[in-house]
Amino acid sequence: MNVETLINFAYIVASILFIFGLKMLGRQSTARRGNLISSLGMLLAVVVTLFAQEVVSYQWILVGLGVGAVIGLACARLIKMTSMPEMVALLNGFGGLASLLVGWAEYAKTLAGGEASSTFTGTVIFLAVFIGGITFTGSLYAFGKLSGKLSGKPVLFGGQQIVNGGLVLGLVVAGGLYVINGGAPGMGTNAFYACLAIAFILGITMVMPIGGGDMPVVISMLNSLSGLAACAAGFVILNNVLIVAGCLVGTSGVILTIIMCKAMNRSLANVLFSGFGSDGAAAGGEGSTIEGELKPISAEDSFAVLEAARNVVIVPGYGMAVSQAQHVVRELAEMLENNGAEVRFAIHPVAGRMPGHMNVLLAEANVPYEQLVEMDSINPQMPMVDVAVVIGANDVVNPAAARDQSSPIYGMPIIKAHEAHTVICLKRGKGAGFSGIENQLFLLPNTRMLYGDAKASLQGVVSEFKAIAEA
Amino acid sequence: MELMLLLFIFVLAAFLGFELIAKVPSQLHTPLMSGSNAISGITIVGALLAAGADHGSTLTTVLGTTAVALATINVIGGYLVTDRMLGMFKKKGAGKKEEGSQ
């Protein structure tokens with residue numbers, strides 16, 4: 001057996017480790033081990049590649065590995081859990097760019113050798129460059145939005161669809177020219193650089209019109225694209241392990257994207273192209289004026305309500321992440337439990353800015369995961385709940401989604417907080433939510449509004465509990 | 001022929017992926033995403049081959065080395081962040097032992 005065969009064997013083993021790792025990531029009890037197993041697969045793939053015949057010099061490899069390891073370690077260690085969405089977006093972008101560069105390097109190699117690329121090689125290089133490019137700039141833009149460096153609002157301009165359509169057309173034309181010319185110097189190289197530039201621009205213009213609340217969809221989609229880019233790079237260098245691993249990531253991203261879209265009752269096309277939430281309150285529909293008034297409540301009165309409650313459900317939303325209230329939320333939950341109440345957290349699939357955002361935040365605050373309940377299992381029990389505490393969530397608890405056919409979010413599955421006996425909504429101010437829609441929940445007779453920063457408001461309630469405990 | 005074989009693998013892997021991930025509880029969505037994101041760093045294999053080969057082309061080496069660095073960030077950052085996150089997911093009682101013993 002020669003080295004080549006051994007390496008390919010090792011790639012098969014690595015693929016098996018990835019498959020097992022991903023499978024184990026799907027269960028709470030095995031998830032951590034699954035991640036470890038998949039990382040062993042990666043280590044194996046990297047180590048055996050170093051023995052490949054093509055690899056003749058190591059100094060640049062070591063430079064790359066060293067620089068990457070230091071930055072990667074620093075990122076993983078220093079990042080705060082609250083910054084997780086933008087971190088995932090950023091890492092995703094790096095992966096996409098790496099796949100692009102692999103495709104480009106292969107092209108540079110054939111250019112230097114003075115040979116023309118075959119139609120197949122040309123096509124897959126084009127795919128790796130274009131998918132990788134979109135993933136890179138799209139992820140960077142998403143990173144900017146998530147970290148607050150760029151506005152989270154959808155950015156729309158006149159003729160946006162036409163511009164995007166033109167870019168796609170240009171990409172196809174440039175890609176076609178590049179492939180037909182076999183990437184020959186002159187026409188071929190120019191077409192290649194045009195592809196590169198258009199892919200970068202397209203990544204930005206694609207993410208631009210998407211608002212903050214739709215970020216879970218965008219992140220899952222970019223995640224999928226980074227896998228597909230790796231897959232395309234696998235076709236470029238004719239390597240199985242890249243194809244298998246990239247494809248697994250691609251499909252897992254697609255599944256997450258579908259789950260997120262379903263949780264908003266919207267199609268992917270609608271999320272990508274509609275600029276949802278930009279037209280603000282005008283989207284409210286005419287027949288939907290609701291009767292009722294906002295009834296404020298103080299921290300002391302909230303305490304009285306909660307103190308008497310036996311069954312409490314907490315519904316967290318992006319507002320909890322913004323005010324970093326997860327620790328004081330956990331404190332409140334513990335006090336309620338010590339007071340004899342049953343406390344659960346109802347998590348909407350698209351609450352927050354990435355899939356599972358609320359779960360990560362609450363886990364960081366040491367809330368045991370059994371206490372986190374999914375939307376479908378909590379909803380039937382909602383009428384038995386004494387108090388629902390809505391913390392910085394808005395559209396995911398808006399009953400208009402179930403009742404009001406003229407509402408833009410009609411049909412979106414919601415957590416039925418309004419069915420609880422009493423609802424306490426923590427909200428920063430009186431404005432509408434992300435989608436710009438007036439929330440009917442806030443106007444219901446059994447709803448009380450606790451205005452102010454979520455963290456400060458909750459601290460107020462918690463200190464009331466403490467005062468009683470000491471007395 | 002090799003092309004067909006690779007396409008065949010691609011298609012099978014896609015179906016496998018759908019089967020593997022279809023029933024993941026929503027609590028694990030973030031770790032699944034960042035964990036699979038780390039796997040997409042497998043492109044590092046292609047990067048290593050580009051950076052270590054001697055093609056007599058400086059451009060290839062520069063592109064390859066940059067790709068190695070970026071893919072390494074993706075791999076190491078992705079796996080460690082996922083591990084950190086999963087380490088925080090605790091069962092009931094795991095974090096409350098001190099209270100229980102009083």
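**View 1. Asp83(B) and Arg32(A) form a salt bridge between the chains.** The closest N and O atoms are 3.0 Å apart. A salt bridge here is a side-chain nitrogen of Lys or Arg within 4 Å of a carboxyl oxygen of Asp or Glu. Between chain B and chain A the count is one salt bridge. Over all chains the count comes to six. The model is predicted: local features need pLDDT of at least 70, side-chain atom pairs count only at pLDDT 80 or more, and totals for chains, interfaces and linings use all residues. Side-chain values use heavy atoms, without hydrogens and water.

View 2. Contact means heavy atoms within 4.5 Å. The two chains bury about 8,300 Å² between them, 75% of it on carbon and sulfur atoms. Buried area is the accessible area (1.4 Å probe) lost on putting two parts together, summed over both. In chain B, Gln27(B), Met33(B) and Ile42(B) lose the most area to chain A, together 8% of what that side buries.

**View 3. Chain B and chain A share 21 residue pairs in polar contact, both residues at pLDDT 80 or more.** A polar contact is a pair of N or O atoms within 3.5 Å; within protein, one must be able to donate a hydrogen and the other to accept it, and residues adjacent in sequence count only if both atoms are side-chain atoms.

**View 4. Glu106(A) and Lys109(A) pair in a salt bridge (3.5 Å, N to O).** Both lie in helix H4 (residues 84–112) of chain A; being three residues apart, they are separated by about one helical turn. Helices are DSSP runs (H or I, at least four residues), numbered from the N terminus.

**View 5. Helices H5 (residues 119–146) and H6 (residues 160–180) of chain A cross at roughly 145°.** Their axes come within 9 Å. Axes are lines fitted to C-alpha atoms over the stretch in contact, and angles run from 0 to 180 degrees between N-to-C directions. Residues of H5(A), including Phe126(A) and Phe130(A), meet Leu171(A), Gly175(A), Tyr178(A) and Val179(A) in H6(A).

Key:
Residues numbered from 1 in each chain as written. Chains lettered and ligands numbered in written order. Helix = DSSP H or I, 4+ residues; strand = E, 2+ residues; numbered from the N terminus.
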